[in-house]
Amino acid sequence: MKLLHVITSLRTGGAETLVASMLPRLRACGVEADVALLDGTPTPLTRRLAEAGIDVKALGKSPRAIYSPRRIADLKRIIGDYDVVHTHNTPAQVWTALAARTARRRPRLVTTEHNTSNRRRGLPLARQADRRLFGCYDRIACCSEAVAASLKAHLDSPKLDRRIVTIENGIDLTPFAALPEGKPGTRLLMVAAFRKQKRHDLVTEALRKLPEEFTLTLAGDGATRHDTERLAADLTAAGRLTFAGNVDDVARLMGHHDILLYATRHEGMSLAMVEGMASGRPLVATRAPGVEELTADSALLVDPSAEAIAEAVERLASDSRLYATLAERGRRRAASHDIAATTQKYLEIYRQLLSQSS
C-alpha cells in the first residue's frame, strides 16, 4: 500500500504531532507512507520524519504557500502515485479534493477533522460548501466523539453520516513514562500553537496576577505569537516569561516544569493536553467544547479568565495532595490514548477502502 498524508505544515499542533507519530509506525507495518506539506518550512517534526526515512515533500516554503491555488497542480502531479491520500486541516482538504477530480488516477481519499469548530462554519453557505467538500472523501475520521457530533450537526446529511467514524488521537507514551514524579512548584508551561483559537493572552495575564516567583514558558509558534510577545513585553524583560518556540522533545520540557496550563476557545482532541496528563504534572485548563470530554476529572477546569487560572495555579502550588491526585488521574487518563492503537485503527480504514475498490 502506498499512502500519502497531506497537511498544511509540520509546525506545532495536534494534527501535526499525530502525523509525525503515525507515519513511522505505518512504515513499520509495511506501508509505504510519505507526507506532503503545503508549507514545507523545516521544523523539528520534519527533521524527525526525515531521520525516520519518510519522504517529506515540501510543496511550498512559507505560510503563504498554504493558501495558494498552485498547490492544486502540485498535488495533482503526485497523488496519482498513491493508493490512499489522507488529509488534515482545511486548505489540505480543499486542494486535495480539487486535485483528485482531474488526477490521472484517483486514490481513495480520507480526511481527519480535528476540531469541534472552525472559522468557515460561520460563513454564509458554509453547510452547502462543506457538504460538497466532505462528499469528495471516502471516509471522514473525527478525533473525538465531540468532534463527530459537531460535524454531523453541521453537515446535517444522513448520506455523509455513514462515512464518518471516530478515531481518537494518540501519543507515544514511552518518553512520558520515564519522567520523574512531579512536585508542587512555580514553573508553569503551556504547549500550544499560537492561533486565535488558543488563549495565550489569558495565561499571560494570569502570570501578572501571580507572585513574582512564578514563571511561565510558552512553547509553540504561529500567527499570534507576536501579539502575545507585545502583550507580555514587560514580563519577558523581567525573566518571568519565556517563548520557547517549536520544541522537539516535549516530554523533556514538561519534565522541567511543575504545572501545565491550557487555555482555548474550543478543541477537538488536544494532544498537548494528553501529553500533559501523561507527564505526571497536573493540568489547569479552561472550560471549552472538547476540553471537558477529554480531561473528565483528570484536570483542574476553570472559567476562561486570568483570575480563575491564577487562582487554580496557586491552589495546586500549595496543595500537595490535590497536586498528586490530579497527576495520577492524568496519567491513567492518558494511558488510554496510545498512538499504537490509533495507528492500527487508521490502517484498518485504509485496508477496508482498498478492499472495496479491488
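## Basis

The model is predicted: local features need pLDDT of at least 70, side-chain atom pairs count only at pLDDT 80 or more, and totals for chains, interfaces and linings use all residues. Residues are numbered from 1 along each chain as its sequence is written, and side-chain values use heavy atoms, with hydrogens and water left out.

Helices (H or I, at least four residues) and strands (E, at least two) are DSSP runs, numbered from the N terminus.

## Helices α9 and α15

Two packed helices are described by the angle between their axes and the distance between the axes. Helix α9 (residues 200–209) packs with helix α15 (residues 306–318) at an angle of about 60 degrees, and their axes are 8 Å apart. Axes are lines fitted to C-alpha atoms, for helices over the stretch in contact; angles run from 0 to 180 degrees between N-to-C directions. α9 and α15 are therefore oblique to each other. Angles under 35 degrees count as roughly parallel, over 145 as roughly antiparallel, 65 to 115 as roughly perpendicular and the rest as oblique. The crossing of α9 and α15 is right-handed. That term applies if the near helix is turned clockwise from the far one by less than a right angle, and left-handed if anticlockwise.

On the α9 side, L202, V203, E205, A206 and K209 make the contact (heavy atoms within 4.5 Å). They meet A306, E307, I309 and A310 in α15. The residues of this contact divide into 6 nonpolar, no polar and 3 charged. Ala, Val, Leu, Ile, Met, Phe, Trp, Tyr, Cys and Pro count as nonpolar, Asp, Glu, Lys and Arg as charged, and the others, Gly among them, as polar.

## Aromatic pair F194 and F243

Rings of Phe, Tyr and Trp (its six-membered ring) pair if their centres lie within 6.5 Å; planes under 30 degrees apart count as stacked, over 60 as edge-to-face and the rest as tilted. By this rule the count is 2 aromatic pairs. One of them, F194 with F243, is tilted, at 6.2 Å centre to centre and 35 degrees between the planes. F194 lies in the loop between β8 (187–191) and α9, and F243 in strand β10 (residues 241–245), so the pair ties together parts that are 49 residues apart in sequence.

Both F194 and F243 are buried. Buried means under 20% relative accessible area, exposed over 50%, partly exposed in between (1.4 Å probe, protein chains only).

## Helix α6 and F134

In helix α6 (residues 145–155), the buried residues are A146, V147, A148, S150, L151, H154 and L155. Their cover includes β5 (108–113), α5 (126–134), β6 (139–142), α7 (158–161), β7 (164–166) and α14 (291–295). D156 follows α6, with a positive phi near 50 degrees.

F134 sits in helix α5. It counts as buried, at 0% relative accessibility. Leaving aside neighbours within four places in sequence, F134 contacts Q93, T111, E113, R120, I140, L151, L155, L160 and R163.

N89 is not a glycine, yet its phi is positive, about 75 degrees. N89 lies in the loop between β4 (84–88) and α4 (90–102). It is partly exposed, with a relative accessible area of 21%.

L125 is not a glycine either, and has a positive phi of about 65 degrees. L125 lies in the loop between β5 and α5. At 61% relative accessibility, L125 counts as exposed.
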